[in-house]
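Open the model in your viewer and keep the sequence panel beside it. The stops below are given in the order in which to select them.

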Amino acid sequence: MSATAPTAAPSAAPSASSGSTAHPPPADAARSAHTGWALLALAIGGFAIGTTEFAAMSLVPFFAPDLGIDAPTAGHVISAYALGVVVGAPLVAVLGAKVPRRTLLILLMLAFAVANGLSALAPGYEAMLLFRFLSGLPHGAYFGVGALVAASMVAPERRAQAVSLMMLGLTVATIVGVPLANSLGQWAGWRWGFGVVAVLALLTAALVAMHAPRDRVQPGASAMRELGALGRRQVWLTLGIATIGFGGMFAVYTYLGSTLLEVTRAGPGLLPLVLSVFGMGMTAGTLGAAWAADRALMPTVAGLLLWSAVSLALYPFAAERLWTLLPVVFMIGCGGGLGAVLQTRLMDVAGDAQTLAAALNHSAFNAANALGPWLGGLAIAAGYGWTSTGWVGVALALGGLLFWGLSLAFDRR
C-alpha cells in the first residue's frame with residue numbers, strides 16, 4: 001500500500017439544469033464521515049501517547065518515594081521511555097513490514113495498553129524501568145504507520161493536513177491530558193495516571209479496528225526493502241532537520257518550570273497555565289503549518305525554523321515578566337508544527353521504504369528531546385543562567401535550517 005492511495009472515482013456530477021451542487025453525493029459524504037472517524041481514532045491514540053510521555057515527567061515527585069528512589073534516579077524512568085521510542089520505531093517498522101498497516105496499528109496499541117497497565121502495577125524501580133521502556137517501543141511506529149494511513153485516506157494535496165489531524169491528539173494532550181493525568185495522580189495515586197492511558201490505548205485499538213481502512217501488504221514488502229530508507233540521502237537530511245532543528249524547542253521546554261520560578265518569580269501554581277499555553281501554541285502551529293505545507297512544503301519547513309529561531313531569541317528578554325513570557329511561550333510552541341510537516345516530507349523522499357522512514361521521524365524527535373536539554377543544561381551549568389536555553393535553541397534552529405539548505409540543494413541537482 002503506497003503512502004497516498006488513489007482516491008475513489010468521483011460519482012457522476014449532476015447536470016447543469018439540476019442546479020443541485022450544494023451537498024456532496026451520499027457516497028462522498030459517507031466516505032468523508034468514515035475518514036473523519038478513522039482520523040479521530042488515530043488522534044485518540046496520539047492523545048494517549050502524548051499524555052503518558054509528558055505526564056510521566058510531572059508524576060516523578062509522586063512515584064519516586066513510593067518506589068523508594070530519589071528524583072534524579074526517577075529521571076531514568078523517563079529516559080527509559082525515550083530509549084524505547086528510539087529503539088522501537090525502526091525495529092517495529094522493519095519487523096512489521098509484512099503486516100497490514102491497520103493490523104499493525106491495532107497490535108501497537110494493544111502492546112501500549114499492556115505496557116502502561118504494567119507500569120501502573122510496577123512493584124519496584126527495576127520493574128518500572130522495564131515497563132516504561134516497553135511502553136516506549138510502540139510510540140514511534142504508531143505515529144509513523146498512523147501518518148501513512150491518514151495520508152492514504154485523502155487526496156495527495158491534503159496529506160499534511162490529514163497527518164496533522166492525527167498528531168493533533170499529541171498536542172491536545174499537552175493542554176488537557178497532562179494536567180488531568182497529573183491531577184488524577186495526585187488525587188487517587190500516581191498509578192492511576194498510567195492506568196487511564198492503558199484504557200485510552202484499548203479504546204484506540206477498538207476504534208482503529210472499527211474505522212481504519214482495511215489494507216493488504218504491498219507486493220514485494222520486506223524488511224530489506226524498508227531498510228533501503230537508510231540508503232537515501234534525503235531521508236537522513238530530513239531526520240537531521242528534525243534532530244537539530246527541533247532540539248531548540250526542547251532546550252527551553254525542559255527548563256521552563258525552573259525559569260518560571262527563578263527568573264519570572266511566579267508561583268508554582270502558574271506552571272500548568274504556562275504549559276497549557278505552550279500546548280495551545282503547538283496545536284495552532286500543527287494546524288497552520290499543515291495547511292501551508294500542502295501548498296509549499298519545503299518553504300514551510302524553512303519558515304518554521306526561522307519562526308523558532310526568532311521566538312527562541314525573544315525568550316531571554318521576555319522571561320522576567322509573565323505577561324511577556326506567555327505570548328513568547330505560545331510562539332515557541334507554534335514551532336511544534338514542524339513535526340507533521342517533516343512527516344509529510346519523509347513520504348516524498350522515502351521511496352518504497354515508507355514505514356521505516358515515517359517511524360524514524362519520531363526517533364529523530366526523541367533524539368532532539370535528548371540533545372536540546374543536554375546542551376541547555378551545559379549552558380546553565382556554565383553559569384549563563386536559565387534563560388541561556390533560548391540562545392541554545394536559536395543555534396539549534398539555525399542548525400536545522402542548515403540541514404534544510406543542504407536538502408534543498410540536493411533536490412535541485
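Start by selecting helix 9, where Gln-234, Val-235, Leu-237, Thr-238, Leu-239, Gly-240, Ile-241, Ala-242, Thr-243 and Gly-245 are buried (under 20% relative accessible area, with a 1.4 Å probe and protein chains only). This is a predicted model, in which local features need pLDDT of at least 70, side-chain atom pairs count only at pLDDT 80 or more, and totals for chains, interfaces and linings use all residues. Residues are numbered from 1 along each chain as its sequence is written, and side-chain values use heavy atoms, without hydrogens and water.

Ten of the 13 residues of helix 9 are buried, so the rest of the structure largely encloses it. Helices here are DSSP runs (H or I, at least four residues), numbered from the N terminus.

Move to helix 13 (residues 297-318) and pick Ser-308. Ser-308 counts as buried because its relative accessibility is 11%. Beyond its neighbours within four places in sequence, Ser-308 is in contact with Gly-335 and Ala-397 (heavy atoms within 4.5 Å).

Finish with helix 4 (residues 101-120) and helix 5 (residues 125-152), which pack at an angle of about 155° with axes 8 Å apart. The axes are lines fitted to C-alpha atoms over the stretch in contact, and angles run from 0 to 180 degrees between N-to-C directions. The two helices are therefore roughly antiparallel (over 145 degrees).

Key. Parallel < 35°, antiparallel > 145°, perpendicular 65-115°, else oblique. Buried < 20%, exposed > 50% of the residue type's maximum accessible area, 1.4 Å probe, protein only.
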